Amino acid sequence: YLSNMNFNHLNEVGETYWEHLWCTIKYCCLFLGLSIIILIHGIFPFILTNTASDRIKVLHHDLTCKKLKTHDE
């Protein structure tokens, strides 16, 4: 079944199927956690004022560098 699927995306990101799956699971957990932090911040705007935005900036940097690294190889 999997052999009939298009795996171009995996080649583009330079990951195996299992590496990509693990990476997406980690991002899913991160986003769930950030969603909770953002909700708490919405209720109590005086706490966690930069937590989510700082983490999103780091994530953007990591993903941008990963994409550049993959295309340079």
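**Labels and cut-offs**

Student: What makes Ile-36 count as exposed or buried?
Tutor: Ile-36 has 51% relative accessibility. Buried means under 20% relative accessible area, exposed means over 50%, and partly exposed is in between, using a 1.4 Å probe and protein chains only. So Ile-36 counts as exposed, at 51%. You'll find Ile-36 in helix H2, residues 17-43.

Student: Before we go on, what kind of model is this?
Tutor: This is a predicted model, where local features need pLDDT of at least 70 and side-chain atom pairs count only at pLDDT 80 or more, while totals for chains, interfaces and linings use all residues. Residues are numbered from 1 along each chain as its sequence is written, and side-chain values use heavy atoms, with hydrogens and water left out.

Student: How many helices and strands are there, and what makes a run count?
Tutor: The chain has 3 helices and 0 strands, in the pattern α-α-α along the sequence. Helices are DSSP runs of H or I with at least four residues, strands are runs of E with at least two, and numbering starts at the N terminus.

Student: How do you know whether the span of H2 agrees with its residue count?
Tutor: The expected span is 1.5 Å times one less than the number of residues. For the 27 residues of H2 that gives 39 Å, and the end C-alpha atoms are 39 Å apart, so the two agree.

Student: Which residues in H2 are buried?
Tutor: His-20, Cys-23, Leu-30 and Leu-34 are. Over the whole chain, 12% of the 73 residues count as buried.

Student: And Glu-15, buried or exposed, and why?
Tutor: Its relative accessibility is 14%, under the buried limit, so Glu-15 counts as buried. Glu-15 sits in the loop between helix H1 (8-13) and H2. Leaving aside residues up to four places away in sequence, Glu-15 touches Leu-10, His-20, Cys-23 and Lys-66, where contact means heavy atoms within 4.5 Å.

Student: What makes a group of residues a nonpolar patch here?
Tutor: Patch members need over 30% relative accessible area and no salt bridge; nonpolar side chains (Val, Leu, Ile, Met, Phe, Trp, Tyr) are joined within 5 Å, and like charges within 9 Å. A salt bridge is a side-chain nitrogen of Lys or Arg within 4 Å of a carboxyl oxygen of Asp or Glu. The patch is formed by Ile-36, Leu-39, Ile-40, Ile-43, Phe-44, Phe-46, Ile-47 and Leu-48, with about 770 Å² of accessible area together. Areas come from the Shrake-Rupley method.

Student: Why is Ile-47 called partly exposed?
Tutor: At 34%, Ile-47 falls in the in-between band, so partly exposed is the label. Ile-47 is in the loop between H2 and helix H3 (51-72), and touches Ile-40 and His-41, not counting residues up to four places away.

Student: Why is the pair of Phe-44 and Phe-46 edge-to-face?
Tutor: Rings of Phe, Tyr and Trp (its six-membered ring) pair if their centres lie within 6.5 Å; planes under 30 degrees apart count as stacked, over 60 as edge-to-face and the rest as tilted. By this rule there are 3 aromatic pairs. The rings of Phe-44 and Phe-46 have centres 6.0 Å apart and planes at 65°, so this pair is edge-to-face. Phe-44 is partly exposed at 40%, and Phe-46 is exposed at 65%.

Definitions and conventions:
Accessible areas come from the Shrake-Rupley method with a 1.4 Å probe; for residues, only the protein chains shown count as cover.
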